[in-house]
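Morning, everyone. I have one model to go through today, and I will start with a question once it is on the screen.

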Amino acid sequence: MCIPAILFFIVFAYLPMPGLYLAFINYNYSDGIFKSDFVGLKNFQFLVQTGDLWRLTFNTVAYNIAFILLGNILQIVVAIFLNELRVKWFKKVSQTLMFLPHFISAVLIGLIAYNVLSYDYGLLNSILESLGYDPLKTYSNPVLWPFIIILTFLWQSTGYGSIVYFAAIMGLDNEIVEAAEIDGANAFQRIRYIILPWLKPTFIILLLFSLGGILKGNFGLFFNLVGANNTALYASTDIIETYVFRSLMTNFNFSMGSAVSLYQSVFGFIVVITANWLVRKTSPENSLF
């Protein structure tokens with residue numbers, strides 16, 4: 001049963017690893033990977049000197065922290081609300097409606113966003129103009145996009161992500177909850193003293209898993225909402241994935257894209273090891289290893 005998963009990781013994770021050598025060369029097509037000039041750490045040095053590395057790191061980490069914290073908090077809240085619903089048909093309908101955004105393509109989400117936010121034809125500016133206000137130049141205003149991206153991500157992922165927490169609540173012994181009710185605990189007390197402590201191990205494990213990808217941005221969401229070449233929004237929306245895509249597809253700079261990807265992987269590895277060490281120090285039973 002494990003063979004398909006093992007083969008998947010061998011083919012897509014381990015066999016491509018020699019390609020990391022691209023990060024240390026000045027790649028050209030005629031010489032190939034292993035005959036191109038070796039430049040050592042010059043690709044990384046260029047990224048640091050231009051300031052791109054710090055901007056990309058800050059944007060990617062900041063967005064992922066918001067995604068992880070706000071996402072998990074909302075998922076817990078939704079799971080608890082679903083558990084507290086007593087009308088079964090309403091609970092099922094609510095679950096279905098909340099799951100639907102997860103299955104909507106990022107391309108379609110980008111199209112919807114453009115039809116709402118477009119300067120000339122967008123719904124938002126049509127409403128503002130009808131009320132006597134000036135239209136917003138959304139696609140040239142970097143201040144607005146962190147809120148737009150975070151809200152879009154939460155709308156798309158909260159319902160589906162709440163499944164894990166809802167399943168954890170279903171594993172709670174009903175006798176404990178019934179005993180609390182007999183002792184006079186109200187709904188808020190049951191949530192605070194029984195359900196939330198029960199969800200703590202699940203939250204920690206999901207948090208550790210998420211930290212491993214703290215430098216892996218949601219490329220599909222960013223690319224379809226903002227695009228990879230909107231220079232006006234680079235300050236607040238350019239993440240590592242969009243930079244790598246631009247390096248490969250626009251500038252054809254394979255070495256620079258590989259350097260950023262290697263930095264991304266090493267940084268994520270260090271974060272996971274550090275976070276797991278901290279968890280093991282405070283709560284050994286909840287650590288991954």
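Which residues are linked in a network of salt bridges? They are Glu 84, Arg 86, Glu 181 and Arg 190. A salt bridge here is a side-chain nitrogen of Lys or Arg within 4 Å of a carboxyl oxygen of Asp or Glu.

Before going on, the ground rules. This is a predicted model, where local features need pLDDT of at least 70, side-chain atom pairs count only at pLDDT 80 or more, and totals for chains, interfaces and linings use all residues. Residues are numbered from 1 along each chain as its sequence is written, and side-chain values use heavy atoms, with hydrogens and water left out.

Back to the salt bridges, of which the count is five. One of them pairs Arg 190 with Glu 84, with 3.5 Å between the closest N and O atoms. Arg 190 is in helix 9 and Glu 84 in helix 3, so this pair ties together parts 106 residues apart in sequence. Helices are DSSP runs (H or I, at least four residues), numbered from the N terminus. Arg 190 counts as buried, at 11% relative accessibility, while Glu 84 is partly exposed at 22%. The cut-offs are under 20% relative accessible area for buried, over 50% for exposed, and partly exposed in between, with a 1.4 Å probe and protein chains only.

Next, Asp 238, which is buried with a relative accessible area of 2%. Asp 238 forms a salt bridge with Arg 55, the closest N and O atoms being 2.7 Å apart. That pair links distant parts of the chain, 183 residues apart: Arg 55 is in helix 3, and Asp 238 is in the loop between helix 11 (234–237) and helix 12. Arg 55 is partly exposed, at 23%. Asp 238 also meets Arg 246 in a salt bridge, at 2.8 Å from N to O, and Arg 246 is buried at 8%.

Now the pockets. Rolling a probe the size of a water molecule over the atoms shows where empty space is left. A pocket is an open set of points on a 1 Å grid over the protein atoms alone, where a 1.4 Å probe fits, with protein on both sides within 12 Å along at least five of seven lines; lining residues have an atom within 4 Å of a point.

The largest pocket holds about 480 Å³ of space. Its lining has 21 residues, and Gln 75, Phe 153, Ser 157, Gly 161 and Ser 210 are the closest to its centre. Helix 3 (52–84), helix 7 (145–170) and helix 9 (187–211) each give two or more residues to that lining. Helix 7 has the largest share, seven residues. By class, the lining of the largest pocket divides into nine nonpolar, 11 polar and one charged.

The second largest pocket has a volume of about 410 Å³. Of its 14 lining residues, Phe 9, Phe 12, Ala 13, Tyr 14 and Met 17 lie nearest the centre. Two or more residues come from each of helix 1, helix 12 (240–249) and helix 13 (254–282), and helix 1 gives the most, with four. The lining of the second largest pocket has 10 nonpolar, four polar and no charged residues.

Last, Phe 9 again. Phe 9 lies in helix 1 (residues 3–14) and is partly exposed at 48% relative accessibility.

That is all I have; questions are welcome.

How values were computed:
Grid points are joined across faces, edges and corners, and a volume is the space filled by probe spheres set on the points. Ala, Val, Leu, Ile, Met, Phe, Trp, Tyr, Cys and Pro count as nonpolar, Asp, Glu, Lys and Arg as charged, and the others, Gly among them, as polar.
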